[in-house]
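Please read this note with the sequence and the structure open beside it.

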Amino acid sequence: MSELVTGDAVVLGLRPAKLPSRALALVIDLVAVGTVFVLVSIGVAVATATLDEAAVAAVTVATFLLVLVGAPIAVETLSHGRSLGKLACGLRVVRDDGGPIRFRHALVRGAMGVVEILATLGVVASVASLVSARGRRLGDVFAGTLVVRERVPAGRAAAVPPPPPWLVGRFAGLDLSAVPDDLWLAVRQYLTRMHQLDAVVGRDMSERLAGDIAARTGVPAPAGVPAAAFLAAVVNERQARDARRAFGAASAAAPAAHPLPQTHPAPAPPAAPAQVSTVRPAAPDGTAAAPEGDAVRPPSTGFAPPA
């Protein structure tokens with residue numbers, strides 16, 4: 001497999017697209033462009049019904065160039081290499097150094113596409129893609145571009161190495177809100193593949209990425225800290241914040257989702273009335289008489305004797 005090492009680390013870790021995926025993306029693009037071309041041609045034919053043959057021929061050629069050539073060039077330029085078919089297949093056109101394409105790259109690709117795709121029904125493009133180690137057609141060769149796969153299976157994604165222990169938590173106060181997702185992706189891809197790069201190339205990449213992070217956060221890397229270690233520490237800090245937000249929100253929502261039933265204390269039973277015993281004088285035989293309350297007090301079972 002041909003590995004792609006980019007200067008800007010924008011697509012580091014992605015693989016060059018081969019002929020099957022590129023052919024499928026091309027078919028989707030041709031169907032979309034062909035549909036638009038037919039609709040525009042019908043409208044042009046109705047609008048130019050009163051013109052002479054020379055004017056109709058000129059308008060037809062202009063429609064062909066604008067729709068079949070100009071539209072793909074405009075789409076690739078504005079979308080930075082993602083046409084409808086490439087977006088559906090997870091592909092993207094990038095420069096040889098991994099950066100996004102410009103108008104001149106899309107123009108060369110579109111002009112060569114008329115010859116190797118439209119004029120020869122894709123035969124020349126297929127042969128060139130099969131011969132090339134990176135699956136490039138002639139338009140890619142002359143434009144200095146490459147079609148890569150943006151979507152990589154999750155099982156093949158490598159984990160970001162942890163930072164040195166003495167850097168963990170050191171950037172807790174760093175403002176990371178201004179760092180875009182594309183830069184985070186570039187840093188993660190560099191960290192997962194930095195051990196496979198040449199020492200000089202890897203050091204240059206890490207210094208460029210560290211400079212981009214410092215420009216976004218306003219805080220440069222501490223003196224004496226390697227750029228790769230600084231990047232690993234910043235990524236670790238972002239992951240820690242995401243984890244705290246995720247688990248903090250879950251723990252805060254858990255009591256609200258399952259509220260505990262409110263218990264009310266049971267009312268206290270009424271106090272039993274105090275029993276007052278009346279002391280009676282002794283009987284004539286010398287025995288003490290029972291108190292009056294004992295004569296009418298119900299037994300302990302609660303059953304009251306009849307009167």
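The numbered points below go from the overall make-up to single residues.

1. Basis. This is a predicted model, in which local features need pLDDT of at least 70 and side-chain atom pairs count only at pLDDT 80 or more, while totals for chains, interfaces and linings use all residues. Residues are numbered from 1 along each chain as its sequence is written, and side-chain values use heavy atoms, with hydrogens and water left out.

2. Overall make-up. The protein has 10 helices and two strands; helices (H or I, at least four residues) and strands (E, at least two) are DSSP runs, numbered from the N terminus. Their order from the N terminus is α-α-α-β-α-α-α-β-α-α-α-α. Of the 307 residues, 30% count as buried. Buried means under 20% relative accessible area, exposed over 50%, and partly exposed in between (1.4 Å probe, protein chains only).

3. Salt bridges. Side chains of opposite charge can pair when their charged atoms come close. The whole structure holds seven salt bridges, a salt bridge being a side-chain nitrogen of Lys or Arg within 4 Å of a carboxyl oxygen of Asp or Glu. A network of them links Arg22, Glu76, Lys86, Arg109 and Asp140.

4. Lys86 and Glu76 form a salt bridge, with their closest N and O atoms 3.6 Å apart. Lys86 is in helix α3 and Glu76 in helix α2, so this pair ties together parts 10 residues apart in sequence. Glu76 also forms a salt bridge with Arg109, at 3.2 Å between the closest N and O atoms. Arg109 lies in helix α4, so here the parts tied together are 33 residues apart in sequence. Arg109 in turn meets Asp140 in a salt bridge of 2.2 Å, N to O. That pair links distant parts of the chain, with Asp140 in helix α6 (residues 138-143), 31 residues from Arg109.

5. Glu76, at 9%, counts as buried, as does Lys86 at 10%. Arg22 is buried at 13%.

6. Arg22. This residue is in helix α1 (residues 19-47). Its side chain makes a polar contact with the side chain of Asp140 at 2.9 Å; a polar contact is a pair of N or O atoms within 3.5 Å, where within protein one must be able to donate a hydrogen and the other to accept it, and residues adjacent in sequence count only if both atoms are side-chain atoms. The Arg22 side chain also reaches the backbone oxygen of Gly135 at 2.5 Å.

7. Helix α8. This helix (residues 199-217) has 19 residues and spans 27 Å from its first C-alpha to its last, close to the 27 Å expected at 1.5 Å a residue; the expected span is 1.5 Å times one less than the number of residues. Its buried residues include Gly202, Met205, Leu209 and Ile213. Just after α8, Gly218 takes a positive phi of about 80 degrees.

8. Positive phi elsewhere. His80 is not a glycine, yet its phi is positive, about 60 degrees. His80 is in the loop between α2 (53-78) and α3 (84-89) and is partly exposed at 34% relative accessible area. Leu121, also not a glycine, has a positive phi near 60 degrees. Leu121 lies in the loop between α4 (103-119) and α5 and is exposed at 77%.
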